[in-house]
Amino acid sequence: MFRLEKVFQNDDTFFIKSTSLVKSALLFLSIYTYSILEFHTIYDLLNLNVYKDSNFYLFSKAISIIYFITTLIIVRDKQYKSNFLSFLSNDILPLIISIIVCFSIFFFFKVDLILDFSFLFLFIFVIFILFILNRIISSFYNYLINSNIIQRNIMLLGDAEDIKNIIVERKDNDINIYKCCLLDTYDKDIIKKVRLELRIPVFGKDEDIRSILEYHSLGQIWILDNKKNDIKDYLNNILKFSVDILVVDLISENIFTSNKLINNKYKFEHYEISKFYGFNLFLKILFDKVLSIFFLLLLSPVLIISIICIYIEDGFPILFTQDRTGWDGRRFKIFKLRSLKSEKFDKTVQVLHGDSRLLNVGKIIRRLSIDEIPQFFNVLNGDMSIVGPRPHMVEHDIKYSSIFSGFLKRHKSSPGLTGWAQVNGYRGATPNPELMKKRMEHDLWYLNNWTIWLDIYIIFKTFYIIFKSPG
């Protein structure tokens, strides 16, 4: 529902920063609890007057804020680590620095603070609490991995020996799932031999990569660069697809202190990645869920009236469902209010203005985009976003991907109810390739320039267009 695997697609920064906030909040609660239990009982835990009169009142607030800021500055890890050394560097070191900074500020501004052994006991107590929290967070992170709530589905591309070496090596963590591999060969015998050795799907250069990406729900392709082969040949085969591309350097000297290592061994570079990951994507997802619930409640009278009108005119079914292409080419069922007659016809033919297949009520609900309201359920289900490239029929994706080389790149995010193309005049049917090309160009611009603020602008402009010039 929340597509957390995409939030974690390229790194764990969102998880690490979120835990910093949790640690800071727990730090405050720990000092709050200690300030009361030092001279009182648990029955006074909710007595704020005791807390305000304690020696730790101002200190608890200041240290919590400083600790949070310090962790944001000091902790630069891109991948979450649960070992003891990471606990010392990411939890205890910021705590020590925060205490020094806090005492310095209090001393400079001459804030009353009684320094005694109670601070030493408090320090020990806080370290214990942070250690327990660290174990809980690590267990939660492992739970997300083991439950496949977060994972990176990866295709390996390169020579057979290089692929085998990567697979048999110890991975950084279980997030990286090697779903299949693509060999730089057309030789069927080599492909068959490697498939028996690796026991995962192995494909050659003549395979339909689009179908492979869709079937295995792939989010990343790792190009294994051994400096012997020209990676431009690899790139030419995959650049037109909607997948993140990493180039893994198997040869160069590595700096082991770097965060940018695969299997603690190989340097890599993001050749091409989607902008939709991490904290910004989490905000977009949260924004989508809240707005979807709000709009469904707000538009429920319109939805109910439309349902009644469809039933009176043409009976059941009320909803129209169809396979559409989503993020990374994954298929999903899109929901719409049925605006066409229930008689049989070719559903892959786009509906044009004045189409004879339209119901009378269908003309109205399509003109005002009322038929799109059920797609808010697609948003709640995680298949769509409120803003993004409009999803096309699978048949149209296959057709136009053979005409325009970058067409499938539109699938680098969740498809949307509205999008940059729609608010710039490319809404509705696309009866000719030139219109589809314009829509594609606007969608790719959106993917390359996306921000939360752009989404908000598109939402407001969508309402303006619907009510100003419906159709």
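**Close-up 1. Serine 217 lies in the loop between α9 (209-215) and β4 (220-225).** The model is predicted: local features need pLDDT of at least 70, side-chain atom pairs count only at pLDDT 80 or more, and totals for chains, interfaces and linings use all residues. Residues are numbered from 1 along each chain as its sequence is written, and side-chain values use heavy atoms, leaving out hydrogens and water. Helices (H or I, at least four residues) and strands (E, at least two) are DSSP runs, numbered from the N terminus. Serine 217 is not a glycine, yet has a positive phi of about 50°. Its relative accessibility is 23%, so serine 217 counts as partly exposed. Buried means under 20% relative accessible area, exposed over 50%, partly exposed in between (1.4 Å probe, protein chains only).

**Close-up 2. Lysine 110 sits in the loop between α5 and α6.** Lysine 110 also has a positive phi, about 55°, without being a glycine. With a relative accessible area of 72%, lysine 110 is exposed.

**Close-up 3. Phenylalanine 316 and proline 317 are joined by a cis peptide bond.** Omega is about -5°. Proline 317 belongs to the loop between α11 and β8 (319-325).

**Close-up 4. Helices α11 (residues 278-314) and α12 (residues 360-367) pack at an angle of about 155°.** Their axes are 9 Å apart. Axes are lines fitted to C-alpha atoms, for helices over the stretch in contact; angles run from 0 to 180 degrees between N-to-C directions. The two helices are therefore roughly antiparallel (under 35 degrees is roughly parallel, over 145 roughly antiparallel, 65 to 115 roughly perpendicular, the rest oblique). On α11, Ser306, Cys309, Ile310 and Glu313 make the contact; on α12, Asn360, Val361 and Ile365 do. Contact means heavy atoms within 4.5 Å.

**Close-up 5. Aromatic pairs number 32 in the whole structure.** Rings of Phe, Tyr and Trp (its six-membered ring) pair if their centres lie within 6.5 Å; planes under 30 degrees apart count as stacked, over 60 as edge-to-face and the rest as tilted. Phenylalanine 15 and tyrosine 141 form a tilted pair, with ring centres 5.1 Å apart and planes at 50°. Phenylalanine 15 is in helix α2 (residues 13-37) and tyrosine 141 in helix α6 (residues 117-146), so the pair ties together parts 126 residues apart in sequence. Both residues are buried.

**Close-up 6. Phenylalanine 87 and phenylalanine 131 pair edge-to-face.** Their ring centres are 5.5 Å apart, with planes at 75°. Phenylalanine 87 is buried at 3% relative accessible area; phenylalanine 131 is partly exposed at 33%.
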